[in-house]
Amino acid sequence: MKKTILVTGLGLIGGSVALSLMKNNHVQVLGFDQNEHSMEFAVQNGIIHEKVQSFQEGASQADVIVLATPVSVCIQLLNELDQMELPSSVLVTDVSSVKKPIMEAANHLSNPHIRFVGGHPMAGSHKHGVEAARAHLFENAFYLLVPGRLSREQDVALLKELLEYTYSYMVTVNEEEHDKMMGVISHFPHLIASSLVHQARNWHNTYPFMHELAAGGFRDVTRIASSHPSMWNDILLQNKETVVPLLTDWIDEMQHLKELLEAEDDVALHTYLNDAKQFRDGLPIKKKGAIPSFYDVYVDIQDQPGAISEVTHILAQSSISIVNIEILEIREGITGALRLSFQTERDQKRTQLVLSRNGYETTIAN
Ligand SMILES: NC(=O)C1=CN([C@@H]2O[C@H](COP(=O)(O)OP(=O)(O)OC[C@H]3O[C@@H](n4cnc5c(N)ncnc54)[C@H](O)[C@@H]3O)[C@@H](O)[C@H]2O)C=CC1
Ligand SMILES: O=C(O)C(=O)Cc1ccc(O)cc1
């Protein structure tokens with residue numbers, strides 16, 4: 001028999017989960033969002049089968065509910081669900097980037113019909129909203145599942161089965177380790193990226209031209225600062241228990257670095273930089289992870305009309321799909337670099353081959 005699944009919060013993540021659920025012929029996907037336009041878009045674009053007019057209306061029909069709203073709204077919805085008269089047992093999951101407050105709320109529910117397994121698909125984008133939803137968003141990413149007081153083994157198994165078409169790697173963790181790890185590798189770096197942008201902004205009045213120079217490293221290290229501010233506001237506040245001590249450690253570390261520089265301690269500074277490089281180089285960047293890893297190829301091109309379209313044309317002729325394209329540096333009269341990103345190592349290698357056959361110089365770098 002078909003399972004009815006309600007996705008509440010039809011944004012980037014809810015829309016993408018819904019799209020992957022739609023690949024399963026044995027489910028009926030209902031959608032609810034407070035934004036009527038998002039629901040309409042989702043119906044028109046085959047992201048859900050049907051919309052419902054309220055969370056309650058959808059919940060009363062659902063076998064499974066996916067909560068894909070901001071973290072704080074997710075807690076409110078769990079409490080609303082607790083008050084509802086549900087006709088039968090319902091398995092609830094969420095997609096929130098922070099797990100402790102969600103699991104705390106879920107563990108306190110008293111409605112006997114609710115079962116709950118926390119979830120966190122670890123891929124995203126700086127975009128938000130249903131228009132940015134993609135069925136392949138979670139492919140090869142980790143999808144963390146967090147069982148709690150209201151989870152049974154068969155609930156975890158059912159979720160894994162239903163989420164099969166996300167093509168992600170399902171791993172079970174507890175909420176404590178989840179929030180600590182996410183704090184270190186995702187939430188805290190977001191704060192640092194934003195603070196670096198603020199620092200550059202403060203200097204912008206003094207050196208307006210600096211803005212033009214802020215390519216390469218600065219763009220790479222601050223990319224995540226372009227993500228959705230209200231979502232990150234919510235995440236940082238919900239995981240402040242982890243993030244505040246990390247900030248304290250960071251301030252101490254900056255103080256230590258300041259002292260090294262002031263003392264011109266080049267040995268200690270070199271060791272510091274080298275230790276960071278060793279650890280960074282050892283990260284599994286070509287495997288799955290929170291930050292979607294792509295296979296990049298850098299291509300030298302001349303500054304002339306049509307230079308980019310020639311490269312993309314060559315790749316199109318070889319049926320190679322480009323995931324992302326970025327002009328890293330292009331100045332009048334001299335060569336510039338294009339960064340092309342691919343989904344697979346095979347496409348990366350084929351790109352190097354076909355472009356070098358066409359006289360292009362290419363490099364692969366981490
Ligand atoms: N954006 C990302 O890269 C990732 C986000 N997440 C988590 O996914 C969740 C959603 O994030 P996004 O999809 O990026 O945000 P989004 O802004 O694209 O989507 C959120 C949706 O929730 C809806 N919504 C808000 N309040 C509602 C309510 N009371 N009832 C019904 N719908 C409501 C909004 O209208 C919007 O359509 C967040 O908890 C976030 O922590 C998890 C992994 C990655
Ligand atoms: O775009 C990036 O680099 C991300 O890190 C996306 C992301 C954002 C929030 C999450 O909870 C998980 C993944």
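Is Asp 220 buried, exposed or partly exposed? In this predicted model, Asp 220 is partly exposed, with a relative accessible area of 44%.

**View 1. The salt bridge between Asp 220 and Arg 339.** The side chains of Asp 220 and Arg 339 meet in a salt bridge, with a distance of 3.1 Å from N to O. Asp 220 belongs to helix α9 (residues 216-222) and Arg 339 to strand β11 (residues 336-342), so the pair ties together parts that are 119 residues apart in sequence. Whereas Asp 220 is partly exposed, Arg 339 counts as buried because its relative accessibility of 12% falls under 20%.

**View 2. A network of salt bridges that links Lys 100, Glu 176, Lys 180 and Glu 241.** Glu 241 forms a salt bridge with Lys 100, their closest N and O atoms being 2.7 Å apart; this pair links distant parts of the chain, with Glu 241 in helix α11 (residues 240-262) and Lys 100 in helix α5 (residues 100-107), 141 residues apart. Glu 241 is exposed, at a relative accessible area of 51%. Glu 176 and Lys 180 form a salt bridge with closest N and O atoms 3.3 Å apart, and both lie in helix α7 (residues 175-204), four residues apart, or about one turn of the helix. Glu 176 counts as partly exposed at 37% relative accessibility, and Lys 180 counts as partly exposed at 37%.

**View 3. The lining of the largest cavity.** The largest cavity, with a volume of about 30 Å³, is lined by Ile 5, Leu 21, Val 64, Val 66, Thr 93, Leu 159, Leu 162 and Leu 163. The elements that give two or more residues to this lining are β4 (64-67) and α6 (153-162). Seven of the lining residues are nonpolar, one is polar and none is charged.

Technical notes
Residues numbered from 1 in each chain as written. Chains lettered and ligands numbered in written order. Predicted model: local features only at pLDDT ≥ 70, side-chain atom pairs only at ≥ 80, totals over all residues. Heavy atoms only, no water. 1 Å grid on protein atoms, 1.4 Å probe; cavity = no way out; pocket = protein on both sides within 12 Å on 5 of 7 lines; lining within 4 Å. Points joined across faces, edges and corners; volume = space filled by probe spheres on them. Nonpolar A, V, L, I, M, F, W, Y, C, P; charged D, E, K, R; others polar. Salt bridge = Lys/Arg side-chain N within 4 Å of Asp/Glu carboxyl O. Buried < 20%, exposed > 50% of the residue type's maximum accessible area, 1.4 Å probe, protein only.
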